Every structure is written in structure tokens, then in C-alpha cells.
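Hello,

Here is the structure we talked about handing over. Please open it and keep it beside this email.

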Amino acid sequence: MWANPDWRGSLYPPHGGGLEEYARVFGSVEGNTTFYSGAPRAETVAAWARQAPAEFRFCFKLPAALTHERRLAGIEAEFDAFLAALAPLHDRLGPMMVQLPRDFGADELPSLEALLARWPAEVPCAVEVRHPEFFHKGAAEIALNRLLISRGVDRVMLDVRPLFSTPASGHPGLLKAQGEKPRRPLHVLSTADRPLVRFIGHLDPAINERYFAPWIQRLALWIKQGKTPYLMVHTPDNRQAPELARSLYARLAEALSLAPLADFPGEAQAVLF
């Protein structure tokens, strides 16, 4: 996300904050707004196109009305209209995520296959599955991975290990996040050219550091292979998400000789005053 009032005073100045300032620091965003609200209005898309630089990448989610309510069945017209609404941003699209319901299993893979057959080659795609049968390395998972590889589609890697590493201990944000996120094993597998990792952090920085450490080598390997990995960072209530993203990026920058992130606009303004 980029609209979060809790980030004022750190990522954002005390009385501002939005996509333009977010994009000064981070290179991509997970666009949840389309998951809940559907296709944005033309003027909204035009504003996003003005505010984000050319190298910025939007990773929008397919609307829940198509993935969860319709379960990908008979959505051709709505899918085409959704892509058309985002046309001004087509040169700035990272992997568009198809996040499937927890009960979307192998028997519904033909619906996913039909969608991916219709998917435009110029729009990157990543699929996030949550049904337990896709995490047992059996026939269902083999069929899923083969489908994604054959279509050049990435499989989203949801890393919830930090989140579930301790009991919630009465913290409302941690309790809520553990109730919402699926507790599934982490299967590290790049099925296409834009591996996408969703790292769901803990409130304890030491726990996040421990679970993130192996990702550094994996991300470095993908970059060496010519791939473009995406790392999306969450915390239980997302108040600390920008700080966690910055700390994890610093570890990557040190290991891979990457340029540092820009200063947070809110912190820079605080120094001026």
C-alpha cells in the first residue's frame, strides 16, 4: 500500500503522504486497492501515471469479485475491462497477482488455466494459492507448477514463518494478522522471470532478521540468473512496514552492492526543522 496515515512523521511528512512520496523511496507497491474495490476510475489511473516515475512498478491484485466470488469462471468480459482500465500503466506493471481463495483446489485448475491462456503476454502475472493440497509436493502441486511454468507465470511465495514464530501474546495486531494469514509451508520456487516474495514480518526485529537471512542468497541467485525478483514486506498492523522494508533492503544492499534507498521524506523534513 502507499496510503497509510500511520506512516506520517516517518515515511511521510506529518501532514502529507501519498504515491508520489512513496515512489521516491520504494520501487514497487502491492496494489490491494483493486482487490477490494475493483477497476479504478480513469482519472485515478491517470493520477497514478503522473505521480509514479517510469521505473516504478505497480503490482495490482485481480479483484476479489473475479477470484473469490466468481472463482475465475465466466469472467472474460470483466477481466478484459479491468486490464483496459489500467492501460495507461501497462508499461509500469510488475506482476499482477491472482490471489486465490483458500478452498480453490486442483479441481478448479482448469479455470485458472483458461484465465492464463487469455492473459496478455505483455502483462506479467503471479498466482498465489492457499489450498493445503498445493503445499504437499503431490499431484496437485505438480500440476499447478507445470501450468505456471508452461505459461511463464510466477508462483507467489508467501513467507509467514516470522508471523507465526511466536504466540500472539495479547497483541491485537499480531492476533489479527495470525487470524487472517494462512499458515502454509514456504515452498521456494521460481516458475518464471519475476519471482515474487511476500514476507510477513513479526513485531520483533530479531525474528525478522533471522527468517530473512536465507532470502539474501536466494534473491542474489535470481538476480545473477537475470531474473527480476519482487519483495513485498508486511508487518502485523503494517505500521512498521516501511522501516522493516528499509532494514531488509539494507541487508540486500550490503550483500549485493546495491544503491541505498532514499531518505524517508518525513524524516528528511524533520531534520530540516
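How many disulfides does a search of the whole structure find? It finds zero. A disulfide here is a pair of cysteine sulfur atoms within 2.5 Å. Cys-59 is in none, and its nearest cysteine sulfur, that of Cys-125, is 11 Å away. Cys-59 is buried, at 0% relative accessibility. Cys-125 is buried too, at 4%. (Buried means under 20% relative accessible area, with a 1.4 Å probe and protein chains only.)

Some background. This is a predicted model: local features need pLDDT of at least 70, side-chain atom pairs count only at pLDDT 80 or more, and totals for chains, interfaces and linings use all residues. Residues are numbered from 1 along each chain as its sequence is written, and side-chain values use heavy atoms, leaving out hydrogens and water.

Next, the nonpolar cores. A core is a set of buried Ala, Val, Leu, Ile, Met, Phe, Trp, Tyr and Cys residues joined through side-chain atoms within 4.5 Å. The largest has 62 residues. Phe-58 and Leu-112 have the most contacts inside it. Leaving aside neighbours within four places in sequence, Phe-58 is in contact (heavy atoms within 4.5 Å) with residues including Trp-2, Leu-19, Trp-48 and Arg-92. Another core, of eight residues, lies apart from the largest one. Among its members are Leu-158, Val-160, Phe-164 and Ala-168.

Best wishes

Notes:
Buried < 20%, exposed > 50% of the residue type's maximum accessible area, 1.4 Å probe, protein only.
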